[in-house]
Amino acid sequence: MSVNIKEWPGTALGSKDLEEGRVLTVRHRVRAEYAWDAGVAIGRYLRELKAGRLIARRCRGCDRILLPPRMFCEECFRPTDEWVYVQDTGTVNTFSVCYVRWDVARLTEPQLPAVIHVDGASPGMGIMHLLGEVRPEDVRIGMRVKAVWKQVEEREGAITDIRYWKPIAEEVG
Amino acid sequence: MPERVAIVGVGHSDIRSITPGVSYKELMFEAATRAYEDAGVNPRRDVDSFISVSEDFWEGTSIFDEYVPDQLGGALRPVHTVTGDGIQALGCAAMLIRTGRARIVAVEGHSKHSDMRTPYHIQEFAFDPIFNRPLGAHPHYLAGLEMNRYLFETGTTREQCAMVVRKNRSCAISNPRAVYGARLSVEDVLASPPAFYPLTELDIARPADGCFVMVVAAESVAGDLAGEPVWIAGYGWCTETPSLESREWGEAVYARLAAQQAYRMAGITDPFRDLDFAEVDDSFSYKELQHLEALRVCRPGEAADMLEDGVTGPDGDFPVNVSGGSLGVGHLLEATGLHRVYEVVLQLRGQAGSSQLAGVERGLAQSWRNLPTTTGCVIILEKG
Ligand SMILES: [Zn+2]
């Protein structure tokens, strides 16, 4: 229908009209601030990160080791049973190469987000993190990696206490 | 005749002014576990659909729906969110069941109010950006405007509103779920610091954290479950205008129209006679009186007289907010409606402990989505 309209009613606006204040503009910066309670499971997980360890929860119902840890098993719908330390090594499940920044500028050194299946946790359980010390063209699914931790005094109980995950030699056999 | 629908299981988490020890997921798991235990259902096997009520800005995560299934037992199952009050979700559950799409539905609502550092700025974000936000006052002033007009139109007094606070906070003392039980005098309320004239600080319900989960079932399966069914006889909800410039300030029109829908469904013609008690929104003291009038429990301007005569007290002919309401229990964001329903369910089951009312057969729960909304919900519940 609109293809038949040759002349649109009203006045077209350009960026100049906005800049020169000829049009009412309202700016509102919402103050939405939160302080989420981490809770039992994530609280412990973050505390262990500060200590340089990864911790998970075991569910005896399905005999899975859940990472990140949770106090309930979503499959069995029951409380999980015990804390289990897992390794800080794992296998790349999938990755991407970010060539574009938030402001759409091109990155010369692309970021490498990856999902890593962590050794000691059940299949499909792991950590969402970044890869480092590797060229984008060398990254592949199935690659073995290990966490590179921040120095103890720099850690703050956050996911960024691990700087990134770097490739390690494949075990033979 | 469409199939009857019942609430067959109810559960809640700890309700506290703050809950720093647990995450919202852990809060929800606690409430859900209790509700499923009460109903005698296994969510992984028996529950056909899950409904959560939440508002992204209260949570601090957009598309919050996605974070709901695991702790409700709804992983890899139909789950959706109602960005509204819990009573709206109960209505949706009843409709899912009446279409035949589900036989058992779980409904969840929670408040993690203490996770918000700037709750009133988030509330302000719900104001119209061109007309209202530039004026910049704390959003609670809307309640002051409304109370002032309500008192003007009905002749109700600030003292009578203070009596609502006294009644509800006193009732809360015998409710184990209530955070703000207290013995207060009318003078205490009037002498508390002025907040948003005519409101004083004590006229305003304070927030609390907590979660409620309910299991809703079709009549064909309700009899086989463990929980004593309480039947949903009617429900309705309504939204008046968002415009602050032209809304009805004296009367709660949304509650009147929502009640009309629920009454029609439940066959109620005289609410005072046909209902035994009610849990109604009292997030600000005057709201309890304004809402009772909108619900046609009495005529406009008469709610305060009923209160003064003790009719709406715990020993009266029509007890209102015997739980302590939001003033006594704490305001639970979108879970507030589910909390009111929970209290009605316990009363009808005879499980309300020292707050138990004698011989109650049918009760009403009414909610309002708080400032700056004009959305209200009504649900009618009855025994066997
Ligand atoms: Zn399990």
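This is a predicted model: local features need pLDDT of at least 70, side-chain atom pairs count only at pLDDT 80 or more; totals for chains, interfaces and linings use all residues.
Residues are numbered from 1 along each chain as its sequence is written, and chains are lettered from A in the order in which they are written. Local features need pLDDT of at least 70, side-chain atom pairs count only at pLDDT 80 or more, totals for chains, interfaces and linings use all residues, and side-chain values use heavy atoms, without hydrogens or water.

Start with the zinc ion. Its protein donors are the SG atoms of A:Cys59, A:Cys62, A:Cys73 and A:Cys76, at 2.2 to 2.3 Å. Donors are N, O and S atoms within 2.8 Å of the metal (3.2 Å for Na, K and Ca); water is not among the atoms, so sites may look incomplete. Along the sequence, the donor residues follow the spacing C-x2-C-x10-C-x2-C. The angles among the 4 donor atoms run from 108 to 113°, and the site is tetrahedral. The ideal tetrahedral angle is 109.5 degrees.

Are these cysteines buried or exposed? Buried means under 20% relative accessible area, exposed over 50%, and partly exposed in between (1.4 Å probe, protein chains only). A:Cys73 is buried because its relative accessibility is 0%. A:Cys76 has 25%, so it counts as partly exposed.

Now look at chain B. Helices (H or I, at least four residues) and strands (E, at least two) are DSSP runs, numbered from the N terminus. The axes of H10 (residues 253-266) and H12 (residues 285-294) of chain B come within 8 Å and cross at roughly 40°. Axes are lines fitted to C-alpha atoms, for helices over the stretch in contact, and angles run from 0 to 180 degrees between N-to-C directions. H10(B) is therefore oblique to H12(B). Contact (heavy atoms within 4.5 Å) involves residues including B:Tyr254 of H10(B) and B:His291 of H12(B).

Most residues other than glycine have a negative phi, and most peptide bonds are trans. A:Asp63, not a glycine, has a positive phi of about 55°. A:Asp63 sits in the loop between strands S1 (54-59) and S2 (64-66) of chain A. B:Asn321 also has a positive phi of about 55°. A:Asp63 is exposed because its relative accessibility is 54%, whereas B:Asn321 is buried at 0%. A cis peptide bond joins B:Tyr197 and B:Pro198, with omega about 5°.

Methods: Four donors count as tetrahedral if all angles lie between 85 and 135 degrees; four count as square planar and six as octahedral if opposite donors are over 155 degrees apart and all others between 65 and 115; anything else is irregular. Angles under 35 degrees count as roughly parallel, over 145 as roughly antiparallel, 65 to 115 as roughly perpendicular and the rest as oblique.
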